[in-house]
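Please have a look at it first, and then I will go on.

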Amino acid sequence: MFHRLPRAAAGVALVFALAGCSSSATPAPTTAPTTAAMSGSVVMIPKQINNPYFDVAFKGAQSAATALGGTLTQVGPSAADATQQIPFIQTATTQGAKAIIVSADDANAIAPALKAAMAAGIKVVGYDSSPAVGAYNVFVNQADTAGIGKGLADMACDEAPSCTGEIAVLSAAQTATNQNAWIAAMQDTLKGSKYAGLVWDGVYYGNDDPTISTQQTQAMLAAHPNLKVIVAPTTVGIVAAAQVVTSQNLIGKVFVTGLGTPMGMQAFVKSGVSPEFALWNVTDLGYLAYAVAVDLVTGQIKGNPGDTFTVPSLNGGQPYTIGADSVVVLGPPFVFNTSNIDQYVASFGF
Amino acid sequence: MTEDPRPAGGPDAPPPSAEASVAAGDNSGGAMNRLLGSLSGAARLEVFLVVILAVLIWWGAQLSRFFLTGPNFGFSTQAVMEISIMALAMTPIIITGEIDLSVESMVGLSSCVLGWLWASGVPLQAAIPIVLLVGVAGGLFNGIIVTRWGLPSLVVTLATYALFRGLGHVVLGSTVVSNFPAGFTNFGFGYVPGTFVPWTLLVFLVLALVAVAIVHRTWIGRQVFAVGKNKEAARYSGVRVAALKTALFAVSGLVAAFAGIILTSRTSTASPDNGLNMTLAVVTIVVLGGVDINGGKGTVPGVILAVFILATLKSALTQAGISTDYQNVAIGLLLIVSVITPLLARQGRDLVSRGRLGRKRPARDPAPGEVVR
């Protein structure tokens with residue numbers, strides 16, 4: 001038995017070696033900050049770790065870390081599962097992070113862990129998907145929720161011939177705060193008379209997983225043969241839906257819209273599957289989240305409604321104002337279509 | 001060492017092992033055999049598991065100075081308590097040669113029933129017993145179909161794995177219930193006041209003691225092992241195999257429902273997606289604990305050690321900032337190592353004992369009356 005121990009040790013050492021090359025952390029060099037001096041570690045916890053959308057936000061946060069100071073790392077679960085986010089929040093708490101930036105897989109499930117972090121003096125900044133109210137200091141919303149909901153409804157109306165036909169939604173996880181808020185806002189908008197011709201075929205959940213999103217789209221198309229528009233307010237889901245429409249030769253019969261990255265959707269815009277979709281500058285979202293974390297840690301802002309602050313490279317230098325429920329909005333979303341898609345792919349880089 | 005002068009092999013070669021082991025019993029080669037014999041089976045595996053646990057604790061302490069702290073112990077154990085108590089109930093099922101894949105879906109279903117009852121205004125004192133009854137009912141459903149129609153439990157519980165989760169979606173719809181009272185959520189997320197011991201760890205330890213007592217000290221446990229080693233022989237000895245298996249599935253369902261309540265409490269959310277991916281973690285712990293997946297062998301203390309090994313490994317990797325993909329790689333490697341090692345050790349022991357006798361022994365079936373070591 002004892003001569004087998006080296007194998008166990010080798011296995012353990014292999015994992016240790018993997019640990020060395022797997023960590024996605026690149027500590028940012030602390031150069032002279034442009035605002036108050038910031039030091040200490042900031043931990044970014046996205047909904048899931050292998051999602052290109054969150055990688056882009058992380059890059060934005062990294063440039064903010066270079067400009068403003070502090071050490072940034074990103075950790076998270078491999079699936080969009082709130083119970084897997086909890087250990088990372090708790091670990092950041094015990095490791096004495098100065099701030100946690102988190103996108104919630106479930107607003108309530110992670111709230112106790114975040115409140116424990118706040119009680120330990122750690123600043124909590126939500127981004128992309130909000131934790132429960134009271135479990136964060138500031139939530140950085142990428143765009144105004146009502147605005148996104150209206151935008152989704154308008155794009156569905158544009159793509160359905162004469163704003164008439166069946167529409168269905170392919171969402172992310174069932175508990176995702178942001179998608180649920182946008183869908184609710186969208187349904188609110190759809191009550192208007194302009195949208196009377198649109199028929200609501202329900203919501204399908206793709207869990208931000210490409211395979212599940214594909215299966216759910218196929219199920220949706222099978223259950224609703226007259227479906228005209230698929231609205232996918234998730235960058236993973238919209239690509240899956242567009243691929244299914246393309247592979248089932250439904251271009252021109254079924255349209256896809258929602259929230260997607262310019263690079264991911266460029267081909268589908270050109271092929272006519274998705275004439276229109278929207279997003280915001282995800283890099284800026286990450287940058288703003290980190291800047292807010294820095295301002296909270298250094299005491300520049302308290303996170304109360306009415307607080308204002310500026311971030312030099314964002315918003316044209318104009319100040320941001322924190323609104324009700326300590327929410328600050330990044331800015332208006334962009335709508336991408338054939339006329340501007342190439343230009344945005346070039347300028348956004350994602 | 002005793003050298004046997006008779007020729008090896010051949011039609012008139014005597015049955016080697018009985019006399020050889022007796023002959024070898026009174027010298028140093030025999031002492032080695034005795035030592036290896038007494039370290040056989042489960043006892044040796046548990047020593048091996050303790051060694052792994054010690055190595056992991058040491059390694060975690062090297063990775064991060066926050067590893068050996070109270071808070072880290074607290075939340076690292078808390079995170080695995082649901083799958084751990086389900087592993088306790090899964091152990092006798094696997095020892096009898098069956099399996100219950102539906103446990104994670106029962107977690108989801110029980111969470112949904114609890115949420116639906118709570119949202120309908122039923123007080124928790126009434127809702128929780130109802131949820132536990134749902135768990136028993138689900139387990140009985142599994143058990144009766146497996147025993148009455150003789151279907152493989154793998155197939156039946158695969159079906160209920162889908163069925164129970166689907167029922168959860170039907171019960172709760174697409175809503176999510178989150179407004180549980182603080183007293184309830186404090187059970188799943190809180191600690192014993194003044195310490196870093198989670199309440200759910202206390203629950204697990206109590207259940208673990210009960211499981212050790214039942215599986216290793218009572219006639220129920222003996223019947224479980226008998227059925228696992230040879231179902232027909234057990235039946236002819238008077239064991240009521242069908243009743244035993246059905247009872248084990250019912251207990252598994254009950255425990256899964258209880259785990260669902262704990263998970264709902266810890267996340268303060270009742271959702272049909274609760275418990276996703278837990279079945280594999282439960283089976284991993286049971287197999288890591290040395291329970292033979294084919295049935296007949298295993299110990300509950302081994303499973304308890306496996307619980308702490310898994311919690312330690314995940315904690316060490318999380319402290320090192322490693323995402324769950326790579327954590328799964330580590331868990332998989334650990335599982336392979338822990339399954340292969342006893343196998344290789346047994347082969348190594350056979351090689352050693354063959355070498356002591358000074359001749360090659362062709363592999364063959366034992367003769368009647370021969371003692372096989």
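Before anything else, a word on one term: when I say that two residues are in contact, I mean that their C-beta atoms, placed from the backbone, lie within 7 Å. Please also keep in mind that this is a predicted model.

Let me begin with the residue T234(A), which sits in the loop that links β8 (227-232) to α8 (235-247) of chain A. Once its neighbours within four places in sequence are set aside, T234(A) is in contact with S171(A), A172(A), Q179(A), G206(A), D208(A) and L259(A). Is T234(A) buried or exposed? It counts as buried, because 29 C-beta neighbours fall inside 10 Å, and the cut-off for that label is 20 or more.

Now to the sheet, which is an open one in chain A, built from six strands with parallel pairing in the order β2-β1-β3-β4-β5-β13. Its edges are formed by β2 (71-74) and β13 (327-329) of chain A, each of which pairs on one side only, and neighbouring strands are turned against each other by 20 degrees on average, direction ignored.

Within this sheet, β1 (residues 41-45) and β3 (residues 99-102) of chain A pair in the parallel sense over four bridges, with I45(A) standing opposite V102(A) in β3(A). Finally, helix α2 (residues 52-68) of chain A lies across β1, β2 and β3 of that chain, and runs at about 165 degrees to β2(A).

Note on methods: Residues numbered from 1 in each chain as written. Chains lettered and ligands numbered in written order. Predicted model: local features only at pLDDT ≥ 70, side-chain atom pairs only at ≥ 80, totals over all residues. Pairing = 2+ DSSP bridges. Helix = DSSP H or I, 4+ residues; strand = E, 2+ residues; numbered from the N terminus. Axes fitted to C-alpha atoms, helices over the stretch in contact; angles between N-to-C directions. Buried ≥ 20, exposed ≤ 12 C-beta atoms within 10 Å, placed from the backbone.
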